[in-house]
Amino acid sequence: MPTITKLFSMAEASEHVSSDDCWIVVDGKVYDVTKYLDEHPGGDDVLVQSAGKDATEEFEDAGHSKEAREHMNTFFIGEIDPSPEIIEKMEISKQKKPSSSSLFLSESSLLWALPAAVLGISAIIGFLYLRKK
Ligand code: HEM
């Protein structure tokens with residue numbers, strides 16, 4: 001059966017940054033570590049300081065053991081919704097797409113250029129043909 005994961009926005013996660021309501025985000029996953037603050041071997045301050053933002057780098061830098069990583073699952077409450085980020089990236093890539101004006105021939109100018117070229121070539125051929133005669 002598929003599991004349903006709750007999705008949070010980063011803005012939502014950043015509302016839980018105090019010692020009595022503390023969420024951390026590691027690898028796109030959200031953990032409510034409020035009840036773990038007093039037990040965390042690395043201290044409660046590091047957790048509160050890195051709450052509400054992406055703490056992946058700080059978490060990895062601390063060199064957590066396999067046991068610590070497994071213990072994390074106890075506090076898992078959901079994931080960061082990647083869609084706003086993806087939409088933002090799509091918007092950026094759309095903006096980066098070369099605009100038709102930067103191309104040599106835009107689609108609309110091709111509509112004119114093609115018949116004009118055909119006409120021009122036929123005129124040249126006709127001219128050469130008449131001259132031969
Ligand atoms: C739910 C999330 C977390 C869990 C379950 C957790 C668990 C642990 C555990 C069990 C240790 C003892 C050493 C080990 O077994 O690796 C530890 C140490 C430590 N943790 Fe965390 N941790 C979490 C999140 C974080 C975060 C987000 C940071 C940084 C912002 C952090 C910073 C540290 C530091 C600095 C130490 C001390 C390392 C040392 O003294 O060598 N931890 N943590």
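Student: By class, what residues does the shell around the ligand have?

Tutor: This is a predicted model, so keep that in mind throughout. The shell has twelve nonpolar, six polar and two charged residues.

Student: What makes a residue part of that shell, and which come nearest?

Tutor: The shell holds 20 residues, and Gly42, Glu58, Ala62, Ser65 and Ala68 come nearest. Two or more residues each come from α2 (44-49), α3 (56-61) and α4 (66-72). The largest share, four residues, is from α4.

Student: Why is Ser18 called exposed?

Tutor: Count its neighbours. Ser18 has 11 other C-beta atoms within 10 Å. The cut-off for exposed is 12 or fewer, so the label holds. Ser18 sits in strand β2 (residues 17-18). From Ser18 to Leu119 there are 101 residues in sequence and 75 Å in space, C-alpha to C-alpha.

Student: How do you know that β3 and β4 pair?

Tutor: Pairing needs at least two bridges. Strand β3 (residues 21-26) and strand β4 (residues 29-32) are joined by four, so they qualify. They run antiparallel. Val25 stands opposite Val30 in β4. The hairpin of β3 and β4 has two residues between the strands, and Asp27 there takes a positive phi near 55 degrees.

Student: What joins β4 to β5, and in which sense?

Tutor: Three bridges link β4 to strand β5 (residues 76-80), in the antiparallel sense. Here Val30 stands opposite Gly78 in β5.

Student: How many bridges join β1 to β5, and how do the two strands run?

Tutor: Two bridges, and the strands run parallel. At least two are required, so β1 and β5 count as paired. Phe8 stands opposite Ile80 in β5.

Student: What is the strand order, and why are β1 and β2 called edges?

Tutor: The order is β1-β5-β4-β3-β2, an open sheet of five strands with mixed pairing. β1 (7-8) and β2 each have a single partner strand, so one side of each lacks a neighbour in the sheet.

Student: Which residues make up the largest nonpolar core, and what makes it a core?

Tutor: Each member must be buried, and members are joined through C-beta atoms within 7 Å. Twelve residues make up this core: Ala13, Cys22, Trp23, Ile24, Val25, Val30, Tyr31, Val33, Leu47, Ala51, Ala55 and Phe59. β3 and β4 are the elements that give two or more residues. The largest share, four residues, comes from β3. In soluble globular proteins, nonpolar side chains tend to be buried together.

Student: What does Trp23 touch?

Tutor: Leaving out residues up to four places away in sequence, Trp23 touches Ala13, His16, Val30, Tyr31, Asp32, Ala51 and Gly52.

Student: How much of the protein chain counts as buried?

Tutor: Of its 133 residues, 11%. To count, a residue needs 20 or more other C-beta atoms within 10 Å.

Student: What share of the contacts joins residues 24 or more positions apart?

Tutor: Among contacts with a separation of 6 or more in the protein chain, 67%.

Student: How many helices and strands does the protein chain have, and in what pattern?

Tutor: Six helices and five strands. Along the sequence, the pattern reads β-α-β-β-β-α-α-α-β-α-α.

Definitions and conventions. Residues are numbered from 1 along each chain as its sequence is written. This is a predicted model: local features need pLDDT of at least 70, side-chain atom pairs count only at pLDDT 80 or more; totals for chains, interfaces and linings use all residues. A residue is near a molecule or strand if its C-beta atom, placed from the backbone, lies within 6 Å of it. Ala, Val, Leu, Ile, Met, Phe, Trp, Tyr, Cys and Pro count as nonpolar, Asp, Glu, Lys and Arg as charged, and the others, Gly among them, as polar. Two residues are in contact if their C-beta atoms, placed from the backbone, lie within 7 Å.
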